[in-house]
Amino acid sequence: MTTDTKEISQEWLEIQKTVKQDFLNHVSKKEMAKIAQVFDLKVQGFSKKRLVSAPPPMLKQTITKFMDSLTDLRIFFRGFTGPFIEDMEAHEFSELILQASLEESMTDTQKMMIVAVLFPERYEDNRKRMIENVENGEDVFTGLQEFSLEEILKGHAQKHETTLPSLIDSFLEKHTIIEDLPEELDLVSFFEKEYEEDHETEALQIVSEYDLNGEDYSSEELLPLYKLALNELVTLADRTVTKANEERQEALHEKASAERKASRYYKRRDDLLRQLKEKEQDRQDREKDQREERLELQRQNETLERELEKVRQEYKDAMKKKEDAEIDVFSELDDFLFITSERAERYDSFIPEKKLLTYNTDRSFSEQFKFIPENKLIFIDTNALSSKAQLEVRKYLQQKQYSYKFVSGSPQSVFRKIIFYLEGDATYEAIN
């Protein structure tokens, strides 16, 4: 049966609105996403590749708006059911029901829409039953048509007539390079084993439902059943071998992954051992360096000790020579004091310690030496004294009526001047 989409039949016009609503009530999210892609419909916020992620209400709203823009919805439903509708367009109603029932990849909504487009009057007659079947989880065409065994087998034969040779060729081409397939394969034993393990094959269901006995039918009559069984068995074989190959590939992948992990582990272990060895070598080198440093320090310390002992001895010898060379020029009876603002060590070799005083120029002279008895002869070292400091000292000594004398020059010169003054005038009047 054919339907000319250029001419809108009265039958279609009468059910178009109902078909549209039935479609919107039962279409799935996956189908709506596919429709939006086929008709290039825009859903805000979602690219063409991401339409499957769009919320169903948004998809349905977009599709409804698009359908409302079409005068003849058969164009829309042809796009929704293609390519199935092209293969079934020439079938009578009962033949279409049979072939659509055998097409596993068709959805219930697609089956309903094909009936609506190709047989609008039959759609209206069977609409209620189809909707009940869908809502009850049954095949949409359940109860619409009863088929004999001959019709079912004929339908299967038509379905697999062109696909079986290519299916076998594809299987052989796909799996002849698999290394672990046996050189000789007993297809009969293989198919029997697969049939024993898979109870959902259509061939077994037909045998069980119609209680088939091979003796009651000729080989020619059962040929479509054999073709169906062969088609299913090739599919099962492909599935089994593909699964085995996938498991083998997964095992190889896991093995390779394990080997990579082991390789990384051994490499890491070798790196750690190498680092430990390097650290141990570094530790030994440091210990060796530390031992050598300690020995070197010990040697240096011993050398310094010897040199220090030598210096000590030289000092002792020098002090002894100094003591031997010193002449006690001044006696305790020489009644004078020597005041210097320089280091006292410059003069301690020839002036007795009790007669040697140090002057801190940061403090007043009167404050530091107010304890000096008035009967003392005082010698003032002016080498480091400023004129102002000398004036302050002179003023204080004159005020207290001390006998004093300013001296300067080298320690030897100062020494000679003191001797001169002490021996030159016992009354010290010349000094004043």
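Phe 365 and Phe 369 are both buried, where buried means under 20% relative accessible area with a 1.4 Å probe, protein chains only. This is a predicted model, so to speak of local features takes pLDDT of at least 70 and side-chain atom pairs count only at pLDDT 80 or more, while totals for chains, interfaces and linings use all residues. Side-chain values use heavy atoms, without hydrogens and water, and residues are numbered from 1 along each chain as its sequence is written.

Back to the rings. Rings of Phe, Tyr and Trp (its six-membered ring) pair if their centres lie within 6.5 Å; planes under 30 degrees apart are stacked, over 60 edge-to-face, and the rest tilted. That rule gives 20 aromatic pairs. Here are two of them:

| Pair | Centre to centre | Plane angle | Class |
|---|---|---|---|
| Phe 76 and Phe 77 | 5.3 Å | 75° | edge-to-face |
| Phe 365 and Phe 369 | 4.6 Å | 45° | tilted |

The protein chain has 16 helices and four strands, taken as DSSP runs numbered from the N terminus (helices H or I, at least four residues; strands E, at least two). Strand 3 (residues 377–381) runs parallel to strand 4 over five bridges; pairing takes at least two DSSP bridges. Across that pairing, Ile 378 stands opposite Tyr 404 in strand 4. Strand 4 (residues 403–407) has four of its five residues buried.

Over the whole protein chain, 33% of the 432 residues count as buried.

Definitions and conventions. Buried < 20%, exposed > 50% of the residue type's maximum accessible area, 1.4 Å probe, protein only.
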